[in-house]
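Please look over the structure shown here.

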Amino acid sequence: MNAELVSELEAPLQRTTARTRIMSAIGPATALAGVIWALVQPYRITLLHPRGQGFWWLVVEAPLLVVAVGLFFHFVVVPGLLEDLEVEHATRE
Amino acid sequence: MQPASEHVHWLFATGFLLLGLCLLGEAVVGTEVWRRRAWRAYLWPGLAFALGVLLWPVMTFYTNSAIHMLAHGAWAQVLMLAGAVELALVRGKLTSRWWRLGMTAGFVVSGGAFLVHEQNAWLFQRSAFLHHLLGWTLLVGAIFPLARCLRPRSQAVATGFALTFVIISVMLYCDRDVAPVFGHMSPLAGSPHR
């Protein structure tokens with residue numbers, strides 16, 4: 001058995017795994033950033049103290065929008081992308 | 001019922017953040033994998049085009065000054081142009097990679113418009129500071145869409161292009177009508193909002 005051949009075989013798999021991990025981390029990392037922002041600046045979440053707030057102050061909650069983008073990306077975009085990454089990897093093999 | 005300008009900035013920040021994440025996803029997995037599903041291939045160019053369309057109501061309703069209207073109108077046009085060019089490239093209606101200069105033009109015009117329409121040189125005041133920062137970020141960041149024309153398969157260029165949108169979204173989220181930048185604010189800027 002040639003060790004070089006084994007490393008050549010493993011290289012694409014490792015790259016795919018790294019890409020899979022990065023893709024799986026982007027959405028949660030974004031959502032986490034939104035949560036941390038909300039904790040650091042809780043006064044930005046007007047839903048916590050809605051009395052006297054106008055319509056737009058209640059609708060546009062910036063930290064929650066960041067969380068929403070992260071969740072949308074993770075649950076809508078990423079699943080299909082991971083499937084396609086696996087298909088691409090299988091095709092290469 | 002008209003939203004305050006910071007709300008508009010935050011809504012656009014959300015759009016740009018999603019755009020940046022999609023571009024980052026494409027940079028990570030590669031264009032071939034990203035375009036395996038048609039809806040995904042059209043996602044970020046369509047989003048860029050939609051953001052351009054949504055800038056028209058901003059131009060129409062936020063008429064603080066003529067220069068604001070001109071700047072928002074210019075953004076709307078160049079963002080729609082950039083989005084439309086990318087849509088046509090995905091669709092195959094356009095094939096030359098040089099069409100991607102449309103996005104470069106979008107960056108340059110947007111950066112210039114940011115700098116021109118912020119007439120206050122108040123760098124101690126949040127929105128003025130951020131408009132200057134956004135303008136220069138876009139002008140410097142234009143190197144990435146330009147590099148995409150020269151090296152369309154470069155992962156580093158694609159990542160830089162994506163992160164530029166993420167950084168722009170962070171700056172837009174930071175935008176508030178009247179607020180200090182680094183803890184200090186001159187009384188000239190008015191009373192601070194939260």
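The buried residues of α6(B) are covered by elements that include α5 (101-117), α7 (143-150) and α8 of chain B. Helices here are DSSP runs of H or I with at least four residues, numbered from the N terminus. Buried means that 20 or more other C-beta atoms, placed from the backbone, lie within 10 Å of the residue's own. In α6(B), the buried residues are Arg126(B), Ser127(B), Phe129(B), Leu130(B), His131(B), Leu134(B), Leu138(B) and Gly141(B).

This is a predicted model, in which local features need pLDDT of at least 70 and side-chain atom pairs count only at pLDDT 80 or more, while totals for chains, interfaces and linings use all residues. Residues are numbered from 1 along each chain as its sequence is written, and chains are lettered from A and ligands numbered from 1 in the order in which they are written.

Helix α6(B) has 16 residues and spans 21 Å from its first C-alpha to its last, close to the expected 22 Å; the expected span is 1.5 Å times one less than the number of residues. Residues 126-141 of chain B form α6, and residues 155-174 form α8; these two helices pack at an angle of about 175 degrees with their axes 10 Å apart. Axes are lines fitted to C-alpha atoms, for helices over the stretch in contact, and angles run from 0 to 180 degrees between N-to-C directions. α6(B) is therefore roughly antiparallel to α8(B), a term for angles over 145 degrees. On the α6(B) side, Leu130(B), Leu133(B), Leu134(B), Thr137(B) and Gly141(B) make the contact, and they meet Thr164(B), Ile167(B), Ile168(B), Met171(B) and Cys174(B) of α8(B). Contact means C-beta atoms, placed from the backbone, within 7 Å.

Helix α8(B) also has α1 (residues 5-29) of chain B beside it: their axes come within 8 Å and cross at roughly 165 degrees. These two helices are therefore roughly antiparallel as well. Among the α1(B) residues that meet α8(B) are Trp10(B), Phe16(B) and Leu23(B), and the α8(B) residues they face as a group include Phe161(B), Phe165(B) and Leu172(B).

What lies between the two chains? Here 21 residues of chain A are in contact with 21 residues of chain B. On chain A, α1 (3-40), α2 (55-59) and α3 (62-92) each supply at least two residues of the side that touches chain B. α3(A) gives the most, with 12 residues.

How values were computed
Parallel < 35°, antiparallel > 145°, perpendicular 65-115°, else oblique. Contact = placed C-beta atoms within 7 Å. Buried ≥ 20, exposed ≤ 12 C-beta atoms within 10 Å, placed from the backbone.
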